[in-house]
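This briefing summarises selected features of one protein model for computational work. Please consult the sequence and the structure alongside the points that follow.

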Amino acid sequence: MKIFSKNSILNLLLLIGLLNACTQYEKKLHRDEVTSLFTLLDNNQTNIQFANKVTESLHFNFLNYSYIYNGAGVAVGDINNDGLPDLYFTANQGSNKLYLNKGNFKFEDITNKANVVDKQGWSTGVTMIDINNDGWLDIYVCKSGSLESHELRKNKLFINQKNNTFKESAASYGIDHFGFSTQAYFFDFDKDNDLDLYLVNHRQDFQNNTTINPIIQQNKEPYNSDQLFRNDNMHFTNVTTEAGITNKAWGLSASIGDFNNDNLPDIYVANDFLEPDFLYINQGNGTFKDEILTRFKHISYNSMGSDYADINNDLKPDLVVLDMMAEDHIRGKENMASMSTENFEQLVNAGYHHQYMSNMLQLNNNDGSFSEIGQLAGIAKTDWSWAPLIADFDNDGFNDLFVTNGIKNDLSNQDFRNQMRKNIKNRKKVSLEEAINMMPSNKLSNYIFRNNKNLTFTNTTKKWGLDVKVNSNGAIYADLDNDGDLDIVVNNQADEASIYKNNATNNFVSFSLIGSEKNKNGIGSIVYVYTDSLQQGKELYVSRGYQSSVTHKLHFGLGNCTKIDSVKITWSDGSNQLITNCKINITHILSYKEAKKTVQNSSKKTSLFEVINPEELCINFLQKENIFNDFDLQLLLPQKQSEKGSPLTIADVNGDGLDDFFVGNALGEKAALFIQNSNGTFLNSNEQLFEKDKVYEDTNAAFLDIDSDGDLDLYVASGGYELEENSPLLQDRLYINNGKGSFKKLNNLPKMLSNTKAIAVADYDKDGDLDLFIGNGAIHGKYPLANKPYLLENKNGIFKNISLEKLPNLSDIQLVNDAIFSDFDNDGDADLFIVGEWMPIVLFENVNKKFIRKKLDILKNSNGWYQSIAETDINKDGFKDYIIGNWGTNNKFHPTIEKPLHIYADYLDANSTFDVVLSKVSKTGKLLPVRGKECSSQQVPVLNKKITTFKEFASLTLPGIYGEDALKKAFHFKVNNLKSFILKNTKNGNFTIQELPIQAQFSPTLSIETLDINNDGYEDIFGLGNIYDTEVETIRYDASKGYLLFGDKNGNFNFSENLSFYNNNEAKVVKKIIINHKQHLIILNKNNKLQILKLN
């Protein structure tokens, strides 16, 4: 290991001088007390006057080239090996520029004398790479835009002549490709230790960017496809076809890395418009397979820039892909048309994936799958975004996120598009200048987000000094002044480039790599840094973000850490190196020659669970939902209401001491009762009974002894949002057990023609038999309204509804999803907890066999979208605590007490549809619609006449759109909180709230079980839930793989990273069950088989 030593003693002395200067500079920063993290330097100070300006003409404009405003890139690298990073900017029109770093943020334009003048064609992406492994960085420039000339679109390769001049040599290397190229990515895909090339291209038929047509897709122009070039001894061979990556899309970026943990580099390609992104998994034999559908649950729609790096220090990279959803309400409503449900489903059915207009943060689950948590993380909306760069900008040891943003003219402005259509329809001609002036043009600030070290980020754009309004595209990070922090360089649209000096003062360490003879810069190598409080890993791939390539140094912030325990480097060929005496606040040089080729031992973690194939236990059951489009009834539903069933219950029904289970099904599909045999297999019983009753939709189920004969009978809740009011198929059912596991249907219930869901069982009146509480879901076509719940008193096996008599004060109870009887105050009787949507947590205290509403301050503003409740005693104090499963925070709503999520519901126009309107509170306290003009007008057609433009709709508050009087008359509910948490019993009739770890907030917690999984004497929490059936403008809730939280003696819970329990399905409910004398968990998955987990 050496410090700043690369080519000569002269360089070493120069770099030591620079290092000393940096140390003095850092001290000066402390004295001057710089107030923001970044300082925007004056272009006259830096001598960088480059500006990417585009002029449109009659023959080349936004009409015939949709990417005319996509901008250009920037590359950074030390082209003369003097220790100072130099800059190369690309220009769409005019010459690219090369700037030599002279130190102290002074640069010299050496474009002409370096022989890199490049005025011809339309330059896009740029990469600095040592392509010939001579120790000097070369420059590869991508070309696009020139619609009629293959020659002008030939990519260029400038070979470093080692004297501050370059020679264009792309043809001699075989990579003067003439497609429409966006960016180049160098990596060793075939593991032969040299660098191959993946080239992201875009197709030119923009007229088809909203068309799903297999014939069009099959007609692939070879040069429009992305390209893969194999390095064959310094000449590149095009292996696109044989590698299996011939495609047809509008590629805007790629990210290279290992996505499936097989130590082979894969390729994620971010594609614009309707074409889905690609995830090309390296098969290890020179070919790739697109596995985007199986490894990601959903993706962005208009994918732009991307980056792949670790955001939570678990040593696994995570993926950020940008889209163009605006944070600003007005811009969002002006620029976004509605996503058609029909078109969305057509895309999905055509294999185009579930695509949403939002930034994506795909969290690496370490098993080859990813959980998308962009909304939870707080980075989902950054407007018309281009380059995401994941790096540690404040040197605190966690990677932050920088995002470039903006476009010269708003091509997606809906009023502009409507006017253009109107002009075409009316054959009205306008000049090019008039057409351009019809588009709004706004300069937007870039974004930067500070990593909160808990999977969330805080927008620190203004605080960190990056809130200048300028439209930007390509960007890089590099330590331009060698002072130990990452500066930022941005290629702007029309304006001069931005150079931001970083003023961070935390400790750091960085590494330069001297690789093997055929990979001099060690591309594809990973450096791991370990301290007493941090572990970090960073992989060297320089093409990142958008059309740009970043520093070749790997930079690590250390926060306040003053000592590094060890550094490990895994070189691209698998060789390893361990360093234990590594100083901080300097740059180290790591040499491949000092590495050792070792065999990687895959250390297997102990599996907590074993996944059991249910068919091996003779359990042949498939949950299958019937097809029904809820949105035909109520267009603006936030999610479907017809597929909420979770009918799974466990009991010994035949008295043999073994657990059996009942699992219900959707309308038209048969339920099943599985009775366990002595060898742990199961027998499907009572099949004729459940075949006859498959006309019902089973929404929940519970075993209880209805007739007090010592065996367990079965209660099944019937429901279904698709069933009209008062349908006889809404009637719940009782099945009486003969004691041997044989059941018959018995009509011992009152008339209950409502969409029931929650079931709670207890002898609340202590008369020796079991009573029931039954909660209701949404009324057919009238979400969010529900029938009031039932309290059913058992009289000799006959049930009577006594709600009015024994359960008063139900006015704020809406959609009930779960309930339990539980003695919260230890007075010996059963109290009642009720949870649901658009309602608070409700507690009824049992007082002399009547339920009295318990008013608690802690529950006063607790309105949520609650899904489940489970009883436990987390601290073993003898008082019951309660785990509350809510919607989670990985969504677009983020309500608070100060800014709730609102819903208004009523017949808002003359038709027969019961309308719903979701509303959020603006920064100024005004009510604004969640949904846009188009879909709102589809629900309430009169709005089309009242509000004629998207601009007008965007400017109006909710009362301005629907009318103050109409909203006052409507049903109105609120939500203040969507987090799942624990109600901790304080023993004095009150509670405190303890939020569950953030992994429990990934998706709605639909079901909870508690058990001591790790045998430490403390109960652990197993939770799960996903909901796929959202309306198409709301990202579906699919991030959860289930979660396991280990409890400790202090009542705290920590997320288990064990992978053995992961469930990759739309899980609905989990129950404990003993199979063959061993503890298991059984999980009901929607439209899938059961999952059975055996506890090891």
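The model is predicted, so local features need pLDDT of at least 70 and side-chain atom pairs count only at pLDDT 80 or more, while totals for chains, interfaces and linings use all residues. Residues are numbered from 1 along each chain as its sequence is written, and side-chain values use heavy atoms, with hydrogens and water left out.

**Annotated span**
- Helices (H or I, at least four residues) and strands (E, at least two) are DSSP runs, numbered from the N terminus.

**Aromatic pairs**
- Rings of Phe, Tyr and Trp (its six-membered ring) pair if their centres lie within 6.5 Å; planes under 30 degrees apart count as stacked, over 60 as edge-to-face and the rest as tilted.
- By this rule there are 52 aromatic pairs.
- One of them is the tilted pair of Trp 386 and Tyr 546, with 5.2 Å from centre to centre and 40° between the planes.
- This pair links distant parts of the chain, 160 residues apart: Trp 386 belongs to strand S25 (residues 385-391), and Tyr 546 to the loop between strand S35 (543-544) and strand S36 (548-549).
- Trp 386 and Tyr 546 are both buried, where buried means under 20% relative accessible area, exposed over 50% and partly exposed in between (1.4 Å probe, protein chains only).
- Phe 703 and Phe 743 also form a tilted pair, at 6.5 Å centre to centre and 45° between the planes.
- Phe 703 lies in strand S46 (residues 698-704) and Phe 743 in strand S49 (residues 743-746), 40 residues apart; both Phe 703 and Phe 743 are buried.

**Helix H10**
- Helix H10 (residues 414-425) has 12 residues and reaches 16 Å from its first C-alpha to its last, close to the 16 Å expected at 1.5 Å a residue; the expected span is 1.5 Å times one less than the number of residues.
- Gln 414, Phe 416, Met 420 and Asn 423 are the buried residues of H10.
- These buried residues pack against helix H7 (329-335), helix H11 (432-438) and helix H16 (950-955), contact meaning heavy atoms within 4.5 Å.
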